[in-house]
Amino acid sequence: MSWAIAAFWSDPAQKRAGVQTELSYRVLWLVGTVLLVVPAHGYVGRLRLWMPNLTEAWICVALVAIGIAFAWWARLHLGRLWSGTITAKADHHVVDTGPYGLVRHPIYTGLLLSILATMAAKGTVWGVAGAAVLLVGIVIKARLEESFLRGELGPAYDDYAKRVPMLVPFAPA
């Protein structure tokens, strides 16, 4: 809810990649989300891949919370430059501080941590399938954004990409 409300204080887009460009990852996000939210109660046999114990389940809950908090920190840090679509804002520039100093797409990093922890807590075929489809969708969107931002920001974004990894903190850029 707070994420949707915060969208109202974003600057208007000056340029957008377009709906057709975004269709591929949006379809994957929808399919992956549907698969990930299939209830895990009552699944036995081949559909249940593992059953986390109580400690493991609470670790997964903590990881979901950490992932969401990291994504929210990135969203707040980006401020008025944030958009739910692939856009350039007026006075768009490279943000390389805060979570953007750790990874180029920290919102996706936080979401991926939450998705993977949810999958681990569920332990079902549907959870694994949903997480895999969402992972592919997130990587596709991140790459589309990379291409768009390189075109908009030029060498400044290229330099940033050479210094900071895309999705995994502390990995080689």
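Reader: How many positive and negative side chains does the protein have, and how far apart do the centres of the two sets lie?

Author: Happy to start there. This is a predicted model, and in it the protein has 15 positive and 10 negative side chains. The centres of the two sets lie 9 Å apart.

Reader: Why is L144 called partly exposed?

Author: Its relative accessibility is 24%. Buried would need a value under 20%, and exposed one over 50%. The value for L144 falls in between, so L144 counts as partly exposed.

Reader: Where is L144 placed, and which residues does L144 touch?

Author: You will find L144 in helix 5, residues 125-153. Leaving aside residues up to four places away in sequence, L144 touches T21, S24, Y25 and I86. T21 is 123 residues from L144 along the chain, yet their C-alpha atoms are separated by 8.1 Å. For the protein overall, 81% of the contacts with a separation of 6 or more are between residues 24 or more positions apart.

Reader: How do you know that the reach of helix 5 is close to the expected one?

Author: Just set the two values side by side. Helix 5 has 29 residues, and at 1.5 Å a residue the expected span is 42 Å. From its first C-alpha to its last, helix 5 reaches 41 Å, which is close to that. After the helix comes G154, with a positive phi near 60°.

Reader: Why is D91 called exposed?

Author: The cut-off for exposed is over 50%, and D91 has a relative accessible area of 71%, so D91 is exposed. Look for D91 in the loop between strand 2 (87-89) and helix 4 (106-122). Its phi is near 60°, a positive value in a residue other than glycine.

Reader: What makes F170 count as exposed?

Author: F170 has 76% relative accessibility, and exposed means over 50%, so F170 counts as exposed. F170 lies in the segment after helix 6 (155-163). Although F170 is not a glycine, its phi is positive, about 70°.

Note on methods: Residues are numbered from 1 along each chain as its sequence is written. This is a predicted model: local features need pLDDT of at least 70, side-chain atom pairs count only at pLDDT 80 or more; totals for chains, interfaces and linings use all residues. Side-chain values use heavy atoms; hydrogens and water are left out. Helices (H or I, at least four residues) and strands (E, at least two) are DSSP runs, numbered from the N terminus. Buried means under 20% relative accessible area, exposed over 50%, partly exposed in between (1.4 Å probe, protein chains only). Contact means heavy atoms within 4.5 Å. Lys and Arg count as positive and Asp and Glu as negative; His and the chain ends are not counted. The place of a charge is taken as NZ of Lys, CZ of Arg, CG of Asp or CD of Glu. The expected span of a helix is 1.5 Å times one less than its number of residues.
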